[in-house]
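Trainee: Could you walk me through a few details of this model?

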Amino acid sequence: MRVETLGDGEPEIAVVGGIHGDEPAGVRAVEHFVDRRPGVAEPVKLVIANEEAIERGERYVEADLNRSFPGRADGRSHEIRLAHELGEELRGCVTLSLHTTQSYGGMFALVDEVRDLAREICPRLSVDAVVETGHAEGRIFEVAPDTVEVECGYQGTEQAAENAKQVVREFLAATGALPDEETPHQTDLPVFRLGDSVPKTAAEEYEVFVDNFEEVLAGERIAAADGEAVVAEEDFHPVLLSAYGYEDVFGYTAERVGTLSG
């Protein structure tokens, strides 16, 4: 794990890239700010998390880091130990964690639940939606509850890397570290609450027929595995739905539960 600090003093603001080693956009964004070292009004901690997985170009070494929190100093796997170390680094920090997906080309934010932090920060980010994950065991929220995760676009693309740099600037502006940086002021940012997963059976070919965040009605075809359709049992909004993003699920159902105003 690499940790750098912008400014003087003990940071209460942090930006993390490289939770997953096969998602380079966040790593590139953090490296960009490490190299440029902009002047900041508040100290900022910049973290590149799973360096070993990044070097391998793999999602993780032994276990998914974002399912390994709070971790243990004497943990049996690389990620369990790293989760503990990262948790110590992020203690007391308002944190931005950068990710990418195989399901959505734009940006959206994930929080454990919409509290004051999300209401203050998310409308000032160039995201299309906010998703409440609820209590998801093992995620970064276990050790850093004041975290906003942002999915920055399609994994491995240049656009995702540019999106990640942009959202870091916006986050640092929203938290007072770059007060002169202009940010959006969104007035109708939709909020969704994550529900159940959409199971995916073993097959050679997968298809998805619906768009993320667009309402799906009961009875509509969602996806197919080797031509066998998966049909919606009730109305929902898809989130992180893709043909090949996950091994055993297509993605998740969600319910629209409100709107955030800037």
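Mentor: Happy to: two strands pair if DSSP finds at least two bridges between them, and strands here are DSSP runs (E, at least two residues) numbered from the N terminus. This is a predicted model, with local features needing pLDDT of at least 70, side-chain atom pairs pLDDT 80 or more, and totals for chains, interfaces and linings using all residues. Residues are numbered from 1 along each chain as its sequence is written, and side-chain values use heavy atoms, leaving out hydrogens and water.

Trainee: Which residue in strand 11 is the bridge partner of Arg221?

Mentor: Let's start with the two strands: strand 10 covers residues 221–225 and strand 11 covers residues 228–231. They run antiparallel and are paired over four bridges. For Arg221, the partner in strand 11 is Val231.

Trainee: Which residue in the turn has a positive phi?

Mentor: Strands 10 and 11 make a hairpin, with two residues between them. A positive phi, about 50°, belongs to a residue in that turn, Asp226.

Trainee: Is Thr147 buried or exposed?

Mentor: Thr147 sits in strand 7, residues 147–154. Beyond its neighbours within four places in sequence, Thr147 has contacts (heavy atoms within 4.5 Å) with Thr95, Ser97, Leu110, Val111, Leu117, Ile140 and Phe141. Its relative accessibility is 1%, and the cut-off is under 20% (1.4 Å probe, protein chains only), so Thr147 counts as buried.

Trainee: Which residue's backbone oxygen does the side chain of Thr147 reach?

Mentor: Look at the side chain of Thr147 and follow it to a backbone oxygen at 2.6 Å. That oxygen belongs to Ala144.

Methods. Buried < 20%, exposed > 50% of the residue type's maximum accessible area, 1.4 Å probe, protein only. Polar contact = N/O pair within 3.5 Å; in protein donor to acceptor, adjacent residues only side chain to side chain.
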